[in-house]
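Please keep the sequence and the model at hand while reading.

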Amino acid sequence: MASLESSIRALLRHSDQVKVILEASVVSPAAATPVPSSDSRSQIDEARNKRILAVVSHSDGPNTQEEGSVFILKFKSAGRAFGQSDILRVYPVFGDFSITMAQVKRETLDLRRGSQASPSLLNLTIKQGDIQGLDPLTLCTQQVQTLRDVLAECKRLKELADAPPSSAVAPPLTTFSWLAPYTSKRAPLPALFSIPQDLRVARKALHIRLSTAFAGEAGDDFSDILRIRDDWIRTRVRETCSMGKHALKVRIGTFNVNGNLPSQDLSSWVGGSSSQTPSSGFIAPLKELSPLSISEVAKDPFDDSNAPTKSESTLGKKDPVDTNTDTTEDPDLLVLGFQELDLSTEALLYATSTFKEEAWCTAIFAALGAKAELYEKLASKQLVGLLLVVIVKKALKPCFSDIKSCVAGTGIMGLMGNKGGTSIRMKFTPPTMANALEKLENPGSTVLTFVNAHLAAFDEMVEKRNADFHDLAKRLQFDLGAVAPEGGGAAVPLTCNVFESDVLFWMVNLNYRLDVPDPDVRTILGSEDWAEDRFETLLRYDQLKSAVRANKAFDMFDEGPITHLPTYRFNAGLLKDDLGYDFKRRPAWTDRVLFASNAFAPIQQLSYAGHPQIKQSDHRPVSAEFTVEVDRFDQSAAETAADKLYRQLHRLEDAHEDTNARVNLKIMNTSVDLGKVSYGKTVTKQVGIRNIGRVPCAYRLVPIDVESSVHPDWLKVEPMTALLLPDELVYITLTASIDNDSASRLNIDHTALDCTLILHTVMGKDHFIAVTGEYVPTCFANKLSRLTLLPGPIRSLKSPSELLAEDRSINAPREIMRLVNWMMGPDLNLENVFVSPADPSVVDTIRECLDTGADFPFSPSAKDDLGAVPIAFGETLLRLLDSLPEPLVPVALHARCAEMASRDEAFEMLDAFPAVAVNVWISVTAFLHFVCQSSADPEVKTRKIAGVFTPILLRDAANLVSPVGRRNFLLYFIQS
Amino acid sequence: MSKQFQFKLVLLGESAVGKSSLVLRFVKDQFDDYRESTIGAAFLTQTVTLEDQTVVKFEIWDTAGQERYKSLAPMYYRNANCAVVLYDITSSATLEKARTWIRELQRQADPSIVIALCGNKSDLAARRQVTEEEAKKYAEEEGLMWAETSAKSGEGVSEIFTAIAKKLPLTAPPSSSRAGAGRAAGRAGVDLNKQAAAQPGQEACNC
C-alpha cells in the first residue's frame, strides 16, 4: 500500500495531498453485476478493469480554504509499475458532486470458493452533474473500510465547499484551478522527445533567447516564461531519467576526389592507420572480437528480429562502446563524404548512375581489409558529385532506425547539384547492456545527422560560401512522413531540418581559403623557421574561422585543432612548390569536419588528420574521430517525468495580475561587497534567492536600458535566469575578475567597482542587488606613456595629480626594466625561458612586487637547476608586454616594419617609433638576443622566441600585415 | 460600454515616507505596520471608475527610495503619465527630497506628466513638521496637485488617485476590450496601450 500511495503522490504536485486510496474495478453499465476477481476471467481482464480511486485535497496555504477532488486512475501496464499510471477522470467535490454506495445484488449463489468467507462486494457511483461531459462512474470494491473513509472524506470536503465563505479563512485563489494540470492534456510543450530542439537554439544560453527587457520595461514575460519552463523541463527530464551514458565512436571522412575513380589504397583514411598512428594498423586484430559474435553475425547479418539478443550477448561484454573511449578500438560508425565524384556535364543533368558510388564503396571496404567483415553499408545519398556513405558495425546495425536522407543543390542557378549538400539523419538507440539491472521497456534514442556539403569555390567567393551555408541550412529538410495529430484529423506531413538533431556533423569541402599573401603561405608552410607555429599563424587568416568569429556562418559549430598541412591544392605535374602545392592556387584547409551537439550528447574529438599519402586527387582526404556520449534512458519514463514536472509548474504563467500575493522572491543579501579586487585574481560571492511565494517563479537579470549590458565586463553572473519552485533556494554566483581591457580602463578611472544588478521577477517586481568592491591598481594594462609618468610604484599613486609632468617622464617603464635587469643577472639558467610553462603563483608574486615596488623575494644567484624562477620572470615580461593597450610597435607602423629588407633599414625604422617604445624595444630585443646567443642551440632558440614575441610586440588584431614581414623585422634585432 | 484608459504612474520620494504602504492601501486596502524597505521596483495595477463610468487603469511602479538606487529611477519614470511624489509630514527633510524629485521630473520626464505632491502619515499630525500651508503653497507655485494622505488609516488615498485620474487627458481612444483574448495577447496589449497612453493625442488604434 505504501508503494501505491507513494506512486500516486509522485503523480501529484507538492501542494496536493492524497487523503484516501481505494482499489476498485470498473463496472460497465450494461453488466450491473460485477465480476469478482475469483472468477474464471483471465488475469489480463482483471488488470484492465482495475482502477484506483484517490481522494486528493489541495490548499494554497495555511489560511486558505481546502478543496478536494476524486481522481480515478488506471495503471498503464499490468504489474507493479505504479509510476506508470494515468489519471482517467477527475471529479471536483463541489456543487452537484455526489458519491453513493450500494450493496451488490447477488442473483445467484456463488459457491465456487467458500462463499461463506466471500467478502462483501460494494458498488459506488460518483456523479458530478455540474461538469458537462463528465459521466457518472460506477466502481465496485471489496475494501469496505476504506470505502467508508472515502465517503467520510468526500462528505467533509463537500461540506467545506458548500459552506458560506467565512471571514476567518481566505477563499481559494482560483476555484479548482489546481485541477487544470490533471484534467487538460499537457499544454503544447514543444516536441520534447520526437524531434530534438534546433541546435542553433539549444546551443545558445537561455537568457540570450529571452525577450528584450530592461529596468521598467519587462519585455514579453509571457513568452519568456514558456521558454524558461521548457528549458527547465527538458533539462530535468534528462537529469532524472538518464541511466548512464553510452559511448558511440564515430569516424568521419571527407574527400574531394576531383572526378577520379579510386586508384590508391584508402586504408589510412578509412581505417585510422595514418602515418601519425602507425600502431593501429588496418589489418583487424581479430582477437578483439569473440569468435561467438563473428559466427553469429556472419550467419545472418540481416535478421533484425534476432539482433537485439545478439547485441546483448556480444556487445555487453567486449564492445568498445561500453568500455568507453579507447582510441585503438574500431569506430562504430564510419561516415564518409565525397565531393566531385563525377565532374561530367551529363552527371549534372541526369545523375542517375550509381557506378561511381559502387566503385568508391568497394574501395572503402577493400581499405578496411580484414575488418571489412565487421561492417556493412547502412545508408548512402548522392547528389551529382556529392556522395555521403554511412557504414556501420554489423553488430550495431539494429540500433539504428528511422534513417532519412535529403539533398539540396546550390550550384549553377543556385539549384544545380555541382555544389550543395546531401544529408542523412538517423536515430540511435544504445544497445542493452548485458549487466543492466533492469531492461528498458521503451529505450529512448538520440538523433544523429550528417551533412556532406560542397560550397562555392575561389578565394574571393567567401560571401557566396557564407550564403551557401545559410541556403543549405534552410533547404536541407527531411521528410519524416505523415503524422496524425493527437486529437484526430487529417495527417500532416512532418519535416525537420538538419539542426533539429541531438548530434550534427558537417563534413565539408567548404572551400574556405586563407586571407594571407600567397608567398607568405608557402614560406610559413615550407620554411623550417616556422616549424613550431606555422599552423597557428596561418589559421589566424582562415576564412572559415573569421566567418565563425563574425557570426556569418557555422557559428554554432565546433572544430578540433588543426595539426595537419593544408589539404588543397596539390598538383601532380611540374607547376608545384616543394611541398607539392599548385603554384596557381593558394594552399588552404578547404576540407573540414565540424560538429555540434546539445547538452545531452557531448562530443569529444579524438583525432583530426589529413592523409597526404593518398595523392590521387588535387585535395587530400581528411579524417576525424569522435566519441559521442549518448544518453541511455527510457522514453516512457521520460514522458512520465515530463508530465510530472509540468504539473509542478502549474500556475507559473498565471499570476501577473496579482503580483504581490503569489510571485514573490526574496533576495537574501541585497548588497554584496566583493572586497579588494585585483588584476588576475578572481573574487567570488554568492547571493541566495528564495521563492517565498506560493507558485513557481522565474527570474532573469535585465540591463538598466537597451544600450547597457546586464553587468559590467569585469563581473560574471551565473545563472542569469532560473526557475524556482515554491520554497526553493538557489544561489547566484558573482565572479569578479579583471582582464586587460577592464584593467586598462580602471587603472585610469580609479573608480570603485560599484554596480547595481537588476533582477526581474518574471511577471513580478524588479529587485536590486548592489555590488561594491575596491579595485587594486596594477602596472599591467597601462599605456607605456602612462607608466613612464609614474613617480613610483603604481600602488603608491594616490591621485592622478601626482603623475610626473610630461617633460620629466622617465626613459622607460621601471617595471619592464626591473624584469629585464633581474633576468640579466649572473648565473641564471635561461635555457627554458619563454618556452616552458611558468608557475602561476610565482608570476603573481612577481607582478605584486612590480605593483608595490617591493623587492623580489628571489635571489638572482640562487641555485635553480630547472630555471623555474627565470621562467616565471620571462612569463611576467611576456604578459606585461601583451597587456599594453597598444602593442609596443604602434599598429600604424607595422606595414612599414614588414617591408624592411635589411638590418640597417630595420634600425633606421626605429626613428619612427615613439621615444619610450624605442627604449623598451632596444632593451627587450637586446635581452632576447642575449637569451638566444647563450642558448645551447641559438638557431632553434631564436626561431622559438621569434614565434612567441612577434604576435606580442607587433600585435595585429586585424590580421592585416604579412606575418612573415613582421617576424623578419623582429629577427633583425635578435639574430646574430 | 464604458470607456477604459490606461496610464503609467510612478511613485517617488525619500526612503520610508510610505510609498509601498500607499500603494498597498490603494491596491488592496491593506496596511502593514512593519514593511521591509523596497529594494527594487514593484509593478501593480488598480482601476478607478469615475462618475461618468469611465474606467482608468493605473499601472503603478513603486520604486526604491534609498539614495543609492536614485540613478535607476529614470528607468521607471520614463514614459510615465503621472507621478506621485511623497513626503512624510513628520519630517521636513522629506519635503526637501520631494522638491528634488519634482525638479528632476520637470527637467527629465515627459513634459505632459501630471505630478501630485502627497504628504503622507497624516495620522501622525501630532508630530507634524511640515505645515499644510507650506506644502500647499509650494504645490501651487509649481502647478502640482497636492493632498495629505494616511496609508495607515486610508484617509485621502483613493481620493488622490481619483483626482489624478480626472486630471489626466481622457482623450485617447479607449483601450479595446481584450477580455478572452488570452494572456499572451493581453500582455502584448499592455505594451500597445502603454504607447497609446503615452501619446494621448495620437491615433493608437491598431485594429
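## An edge strand and its partner

In this predicted model, strand β21 and strand β23 (residues 682-691) of chain A run antiparallel and are joined by three bridges; strands here are DSSP runs (E, at least two residues), numbered from the N terminus, and two strands pair if DSSP finds at least two bridges between them. Within this pairing, Lys666(A) stands opposite Arg690(A) in β23(A).

## The four-stranded sheet

These two strands belong to an open sheet of four strands, in which the order is β21-β23-β27-β25 (chain A) and the pairing is antiparallel. Because β21 (665-667) and β25 (715-718) of chain A stand at the edges, each with a single partner strand, one side of each is left without a neighbour in the sheet. From one strand to the next, the twist averages 25°, where axes are lines fitted to C-alpha atoms and angles run from 0 to 180 degrees between N-to-C directions.

Strand β20 (residues 622-631) of chain A runs antiparallel to β8(A), with 10 bridges joining them, and Arg251(A) stands opposite Glu625(A) in β20(A). Strand β9 (residues 333-339) of chain A, in contrast, runs parallel to β8(A) and is joined to β8(A) by seven bridges; there, Leu336(A) is the bridge partner of Gly253(A).

## Basis of the description

Residues are numbered from 1 along each chain as its sequence is written, while chains are lettered from A and ligands numbered from 1 in the order in which they are written. Local features need pLDDT of at least 70, side-chain atom pairs count only at pLDDT 80 or more, and totals for chains, interfaces and linings use all residues, while side-chain values use heavy atoms, with hydrogens and water left out.
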